[in-house]
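Dear colleague,

I am handing over a structure for you to look through, and below it you will find an account of what turned up in it. Please keep the structure open while you read, so that you can find each place as it is named.

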Amino acid sequence: MSCLIAVIAMVLSILGTAPAAAATHYFPDISEVAVPEAECGPGSLPEPGLQGDVSAEDRNSGRSRQGYRCNMSEVGHVRGAGGGILSVTFDHCSYTGSLFPGTNLVPQPGVQVVDVKNPRKPRIVGSLTEPAMRGGTWETLKVNKERKLLAATSVPLLWGGGFISIYDISDCDKPKLLNRGPGTATPLPFTSHEGGFSPDGRTYWASGIFPGHLTAIDIANPAAPRVIWQGLHSFLGHGFGITPDGNRMYLSNAAGVTVLDISAVQRRSPYPQVPHVAAYLWPDGQVNQHTIPVTYRGRPHIITVDELGSGGVKFFDVSRVNKPGYVAQIKLEINLPSNLDTNLRSSMGGSIFSSNPHYCAVDRPENPTALACGWESSGIRVFDIRNIKQIKEIGYFNPPAQKNATIVDLPNSPHVLASASGVPAVEFLSLGMSIANGKVAFHEMIGPRSHMLVGGDMSTDWCMSPPEWHGNQIWTTCSDGGFYALQLSPRVYTPPDDQDSNIG
């Protein structure tokens, strides 16, 4: 393990993530403790086995088509053509991200606009069809509540760029395109896989993956976006979180988080520099997804999410950014090193992803009380995080599987697209580490679906979008099931008066 960390450190240092002026911090702990399970109340249909697991038997028997729920219930639902990779919400609307080329095969191509005035009967009321929206928005579709803006860039498959579309969503079910000139008809020089706004909404940041390309796009005038800074930051870049003052970015990399000082871009210096402040690395959780800056009793913290490798969700005290404190983590039982054999057994035939968090949202950034996460095949998971020393799960909703649906049924589902393969490839590195450490048993990896190497059967859904808070309701999309309005039991959650759903 120490050799792996050393190699990662060397590579990141060579590529600029850890220059001499910045410190690299290693956190070798691989948590072997799961978050306490939710105590399910009346009306629940709980998981029968390990926390977060959808077993091979449930997948084969059809049980997974009923879904699983605990202290959460469905209020309303509209499937449409599938949920894309990322959806976002604002006011009484939800916007469903697009997947290329499938989004172009439906009567209303591009990003779907869902009206949720009546959460019991959500309706698709239109679509956004500019090049960025029809080209696949991947993980770039974001909202800035401060300026009431929606934006996305074009990402046909993993990596893209050039086109950006920016909308005024003051009237949320009738978005108005603001940049009708450069950036729509004429590509801008940037690449992207992820994207998002600075808190004040004056900058849209686009991050590519390899070779770690990061771009700042000035959208102070949304009608005329312009690139004002670009740079290479590390081997691989992903999502990010930005502090409320807009001065610091926590940028996801291949094995943790890179901390950048973006204050010069925020204040619009003529020739901005973006220094590297620090890097936080750990061996579990390959490919970090995004980070949410929060405060607890005035002390800055970050909540950061690992997309691959069963790393779960980690909490750091960043009051001193170059002396971070690793203070808590959230893993489900299915993510523990000793259960990765069961994880593989269950996930075979379900395609590339298995049971990892992807995007999370806090119910407010200052002293958050709850965290909701899309946990891929484990559904929507909700946690009480008021006391980060005593985090516990309070509810979950794993939607009914859309088993054996096809590209004709769900052309906007990444699960359908990926189901050419049945192998949960994203777990192999962490599984290999568990094998090397003697944590798993080979015979536990074998099950009734082990032969399903080609052709996934979609016997679970993939919930990847941030589950966003709307009072006691959570609005989100899952890849196959589309849009869901979900209700948390008042027995387990009371919305704070200053609820402010935030994804970082």
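**The cavity**

The largest cavity holds about 70 Å³ of space. Please bear in mind throughout that this is a predicted model. The structure has one cavity of 30 Å³ or more. Its lining is made up of Val78, Arg79, Gly80, Ala81, Gly82, Thr96, Gln112, Val114, Ile124, Asn412, Gly482 and Phe483, and the elements that contribute two or more residues to that lining are strand 6 and strand 32 (482-488). Sorted by class, the lining residues of the largest cavity are five nonpolar, six polar and one charged.

The largest pocket contains about 1,000 Å³ of space. It is lined by 45 residues, and those closest to its centre are Pro199, Ile242, Asn502, Ile503 and Gly504. Several strands each supply at least two residues of this lining, among them strand 4 (87-90), strand 14 (194-197), strand 22 (288-296) and strand 23 (299-306). By class, the lining of the largest pocket comprises 18 nonpolar, 16 polar and 11 charged residues.

The second largest pocket contains about 490 Å³ of space. Here 22 residues form the lining, and the closest to the centre are Trp138, Leu158, His193, Glu307 and Phe353. The lining of the second largest pocket has 17 nonpolar residues, together with three polar and two charged ones.

**A helix with a buried side**

In helix 7, which spans residues 428-436, the residues Ser430, Leu431, Met433 and Ser434 are buried. They cover an arc of only 155° around the axis, and therefore they lie on the same side of helix 7. Helix 5 (340-347) is included in what covers the buried residues of helix 7. After helix 7 comes Gly438, which has a positive phi, near 70°.

**A buried residue in a strand**

Ala328 belongs to strand 25, which runs over residues 325-330. Is Ala328 buried or exposed? Its relative accessible area is 5%, which is under the 20% cut-off, so Ala328 counts as buried. Leaving aside residues up to four places away in sequence, Ala328 touches Val313, Lys314, Phe315, Ile388 and Ile391. Ala328 and Lys389 are 61 residues apart in sequence, while in space they are 6.7 Å apart, C-alpha to C-alpha.

**Backbone details in the loops**

In the loop between strand 5 (93-96) and strand 6 (111-115) you will find Pro101, and a cis peptide bond, with omega at about 0°, joins Phe100 and Pro101.

Val287 sits in the loop between strand 21 (276-281) and strand 22, and its phi is near 70°, a positive value in a residue other than glycine. With a relative accessible area of 16%, Val287 is buried.

Ser310, in turn, is found in the loop between strand 23 and strand 24 (313-317). The phi of Ser310 is near 60°, again a positive value in a residue other than glycine, and with a relative accessibility of 2%, Ser310 also counts as buried.

With best wishes

Notes: Residues numbered from 1 in each chain as written. Predicted model: local features only at pLDDT ≥ 70, side-chain atom pairs only at ≥ 80, totals over all residues. Heavy atoms only, no water. Helix = DSSP H or I, 4+ residues; strand = E, 2+ residues; numbered from the N terminus. Buried < 20%, exposed > 50% of the residue type's maximum accessible area, 1.4 Å probe, protein only. Contact = heavy atoms within 4.5 Å. 1 Å grid on protein atoms, 1.4 Å probe; cavity = no way out; pocket = protein on both sides within 12 Å on 5 of 7 lines; lining within 4 Å. Points joined across faces, edges and corners; volume = space filled by probe spheres on them. Nonpolar A, V, L, I, M, F, W, Y, C, P; charged D, E, K, R; others polar. Arc of directions from axis to C-beta.
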